[in-house]
Number of protein chains: 4
Amino acid sequence: MLNVGIVGATGYAGEQLVWILQNHPEVQVKFYSSHNYANVQFSDVYSNYFGFINDKCINIEEAENRLSEIDVLFIALPHGKAFKLTKRALEIGIKVIDLGADFRLKSEENYEAWYGLKHEFTASLESAVYGLTELKRKEIKKCNLLANPGCYPTATILALAPLLHNNLIFTDSIIIDAKSGVSGAGRAAVIGSLFTECNESIKAYGVTTHRHTPEIEQELSVISNSNIVVSFTPHLVPMNRGILSTCYGNLKTSLNTKDILEIYKDFYKEEYFVKIIEGIPETKWVKGSNLCHIGLRVDERTNRVIVVSAIDNLIKGAAGQAVQNMNVMFGINETMGLEFIAMAP
Amino acid sequence: MLNVGIVGATGYAGEQLVWILQNHPEVQVKFYSSHNYANVQFSDVYSNYFGFINDKCINIEEAENRLSEIDVLFIALPHGKAFKLTKRALEIGIKVIDLGADFRLKSEENYEAWYGLKHEFTASLESAVYGLTELKRKEIKKCNLLANPGCYPTATILALAPLLHNNLIFTDSIIIDAKSGVSGAGRAAVIGSLFTECNESIKAYGVTTHRHTPEIEQELSVISNSNIVVSFTPHLVPMNRGILSTCYGNLKTSLNTKDILEIYKDFYKEEYFVKIIEGIPETKWVKGSNLCHIGLRVDERTNRVIVVSAIDNLIKGAAGQAVQNMNVMFGINETMGLEFIAMAP
Amino acid sequence: MLNVGIVGATGYAGEQLVWILQNHPEVQVKFYSSHNYANVQFSDVYSNYFGFINDKCINIEEAENRLSEIDVLFIALPHGKAFKLTKRALEIGIKVIDLGADFRLKSEENYEAWYGLKHEFTASLESAVYGLTELKRKEIKKCNLLANPGCYPTATILALAPLLHNNLIFTDSIIIDAKSGVSGAGRAAVIGSLFTECNESIKAYGVTTHRHTPEIEQELSVISNSNIVVSFTPHLVPMNRGILSTCYGNLKTSLNTKDILEIYKDFYKEEYFVKIIEGIPETKWVKGSNLCHIGLRVDERTNRVIVVSAIDNLIKGAAGQAVQNMNVMFGINETMGLEFIAMAP
Amino acid sequence: MLNVGIVGATGYAGEQLVWILQNHPEVQVKFYSSHNYANVQFSDVYSNYFGFINDKCINIEEAENRLSEIDVLFIALPHGKAFKLTKRALEIGIKVIDLGADFRLKSEENYEAWYGLKHEFTASLESAVYGLTELKRKEIKKCNLLANPGCYPTATILALAPLLHNNLIFTDSIIIDAKSGVSGAGRAAVIGSLFTECNESIKAYGVTTHRHTPEIEQELSVISNSNIVVSFTPHLVPMNRGILSTCYGNLKTSLNTKDILEIYKDFYKEEYFVKIIEGIPETKWVKGSNLCHIGLRVDERTNRVIVVSAIDNLIKGAAGQAVQNMNVMFGINETMGLEFIAMAP
């Protein structure tokens, strides 16, 4: 039985961790930490837990004091908020899974350029593992500090990896047009996230400047063994959950849809959570699951390939992948606690 | 291990049965029957099952031929469609759980008046058990034909039972103003259920004529040992899932909110799936779970009590309660396969 | 040509005033005042006005200084924020239309009890007119301070007025179960109004305590010439706009649906904005219009009448009715600038 | 005063025509024709017109018989349904505005390849004008048969025209990733358009095969005086209205965002309905209006330009542009009846 602590438990990613771990047979949650709701009963914030979780949230200082009770610490905080806690936990031998952005980029310069913030724990950057489980399983097994991927990068890297691994597209031709539900914006009280501001509308945002760009580029570059720069445009969609990533690349040779589907099926043939489908993904078929659906078409008129992937941004794009990584890190069956199917409708 | 057959597996209630049974440790589904999708792979209708369920749907005749493979038959068809199949299954000793309306009303006249249809298996009406699990556990244990309650009645009867059981309100004062998500209308291709027709609007429908009325009255009458007639007004809300039932009654004596909350907590103190909360329910806190949240307030200015209950119409209001009833009927732990918490947001 | 000032122009009700007045042939808006966006261009807050309105918002002090430019002042602020400004405007002979709650209740005690706030301009309470246009046209014509009704009261009073005017129901039997879109909560950055908190859920709120209750009771009491107390339960529905009010009353005599429909048609026969329909209202058919649709059914089994009314909460429930009142106050054709039909879908 | 007939009046585009023409000062609608609702009162299909339009719908044969009453015929039918009616109307000197696809493509072969249907009025293809008003005003003035553009093409061509007109991008680099509300699918009773199937999900559809592709390519080719082939991927978004088109192109030279914004502002400087904004468009700011908002960014890291345009698919993408074209065809002020601002929220 693993003892677990969650910091940032009342944000949406944090709550999803609670949701998953509540039914994980090998986990016991020892504490729930929350900046805004310290000393408030967790089930007063999320009433779905009424009668199931009676704990009060603790603050981050108390969380630090109780590190000795746990084997692994999940951190679901905004970037820049947990350098100290992470360092402390690692020092005393506790594994850390960070759902935030602080340890995803290998380059300190890149971090500071895109996040506008000095990195305060650069010593960790080399050993931290970027935890896209399907692509990094070996490293994850041995790591102590796991940087859980962003939601857009998870959907996008899984969609593009087989193309780049097999050297099928021109690396300077990649365009990623991604769409996310509103939970991706977190549980912050801002005008832009109000129901009345998001409902019945779609917009692009962060055009050319979104912080998930360098993370996507870093990992695609590793896969292709080249220096990849992409155009990445995220959009906000009026739904709670889900990411759809529509990825475009120019094919180097003339392949048809069927050819490339075979390559994808082969690439992911051992994977439980990645499904290559004949059709085109819809987010509803993965909502509430840890799955990633991938479909594709070759546009023979332009010799482009269009790959579409769908995930639940809060699960495979955050808490689910974090638990998947925990399972790998601790030698537990990788799918344990994650074998639920999308809830439709 | 129970062997199970599902008829009407591609409707929303049927699909929810699949969703729940897929993870039920004591169940194996032997066949999925569907009128519209006979011979189509189940996962081609519901892609969330891609890679998990490879069966093709069969038609109802084939289902009848394969009754011998199963211990229990779930029927999730529109009313009037399964008289013959039910009779056949019972004859050969298979327990039947009907999610439709055909066996809910004890009175043949009532059935024919509200459903405009001749009942073709009246011999079963006496022995069929109305399966509101929390109120009928004893009878359910022994029954062979279980009439699974409607969604509105489930929410409403649970909300009002403690008041009537304790004789606290005037029985002619009951008004039920209920609200449902669109999945309650089923998966039929009709103009009125189109996204563009339902979204950004709320309406009342079936005012004074909704078929769940006699079912509510029948069961409330049993509880109060009197002949209860209610006003029941359902509304359609632009969301996929959830029912909120707002129930009004005039108190016989002067009780305050706290008094009545205590009575409710006591009434449901042994129940896993019914939670009495201090606040007022919201459907999101039960969405995706088999729970019913109940909250209430006494309006001291009018001496009315206002009880609000929330369920997921497809789970506690349909498939979840059906599985709960199956567990009871077969002596399995009542909560097995149903211990999931609402998915928020 | 009327010169108009708007205070609170960047809230949702304020913005709707702008939307309507922009196309009103007899109106020129002289200033837009906003607490949060003073000195910001109005079209930077609401980009739909880009290229149409180039004004910057001013603050409330500047608005006060520019009162002399205008004939009528619209105030769309939270309660308690405009006592001083109202007084000042009236002193210098400018008519005031207040979309807030400060001048709706005739009783100072009632105001202070329900709003928890001392009323700072009680001298105005007697002369202020409660502007439910259809019922108060004569008084509105002559008034200087118009208290524009709340959204729920507008829908509800219009629904119940014919019953009470004709003494058809027991006055102690009235139950109002109302449902509103999220714009009713205003444009405030609070967690409870986030997309992810409201979407895919319905809840009751302010049960027995909502501030629109005394306003409804005051006006129904006037109509019935008795002292009416009601049960009023508002609900939050995941849609931007619209209020549906479902009203219940016990009939004194035995009337059928047709009888009462005739009474309603007669009562509203001269009204452009109130339509008595044979069916049951849906908010989508009034969304974006100043109309109120009313439908009803007699429940002969219980001898109750169920009246359902639908309005757009931001138009007939706020800005539209305010402009309708302005038209009446200034002797302009009552429907001018308001003759638009609901936008569907 | 123009006399107008509408065929296909009960589809969403048809209803929008009614909505706009109802308030157009120079128009009188003589008949409403509907296949599914012939002989039904129009306001029984769309209750927002209750009390405003008392006409019954007629069928298409009756419409043909009454052509002599009108000056202009709007056709809002699925493709392939109005060849005969169009021919007949033109023969007797009535101008036709077709909101369908039958006369948009100049090439008969193209039509038959993409629509899988024989064109039955090829004689008209040369003289028919593709009515993207801002780009074809001169031809529209003189035409008798106007092919009203598709919704996606309207948004997309307006977004890309300045780039191609000024020869700024490589013509083989164009990728269009577009997103539409569900009303784009029309008012057909199909499973895929159900609330429960569309809500809380986003999907791509028609990948590489959508019928708006040749229309976009035809018009972009005209502007650039070259043969353009594009990748076009539409997506379905859970909202009623709105199209957002995100367009990507590789710049031929090094220009920055400001440079290109100036080119756009200049290109559209005389246009009332096209607004170049500094920010990035959201569909909510044009919903309910005939406007097109365009914003853009240069991605200096990849030397791509990303242009985003937003329209209301039912107005500028259908009925609004049709009326705009009618105004031009009949020498009426182009903006008449179309000067309404987006309804927010």
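Trainee: Which residue in strand 12 of chain C is the bridge partner of Ile276(C)?

Mentor: That's Ile294(C). Keep in mind that this is a predicted model: local features need pLDDT of at least 70, side-chain atom pairs count only at pLDDT 80 or more, and totals for chains, interfaces and linings use all residues. Residues are numbered from 1 along each chain as its sequence is written, while chains are lettered from A and ligands numbered from 1 in the order in which they are written.

Trainee: What makes strands 11 and 12 of chain C a pair?

Mentor: Pairing takes at least two bridges found by DSSP. Strand 11 and strand 12 (residues 292-299) of chain C have three, in the parallel sense, so they count as a pair. A strand here is a DSSP run of E, at least two residues, numbered from the N terminus.

Trainee: And where do they sit in the sheet?

Mentor: The open sheet has seven strands in the order 8-9-7-10-13-12-11 (chain C), with mixed pairing.

Trainee: What makes strand 8 and strand 11 of chain C edge strands?

Mentor: Strand 8 (203-204) and strand 11 (274-276) each pair on one side only.

Trainee: How many residues are in contact between them?

Mentor: With contact meaning C-beta atoms, placed from the backbone, within 7 Å, 14 residues of chain C meet 14 of chain A.

Definitions and conventions
Two residues are in contact if their C-beta atoms, placed from the backbone, lie within 7 Å. Helices (H or I, at least four residues) and strands (E, at least two) are DSSP runs, numbered from the N terminus.
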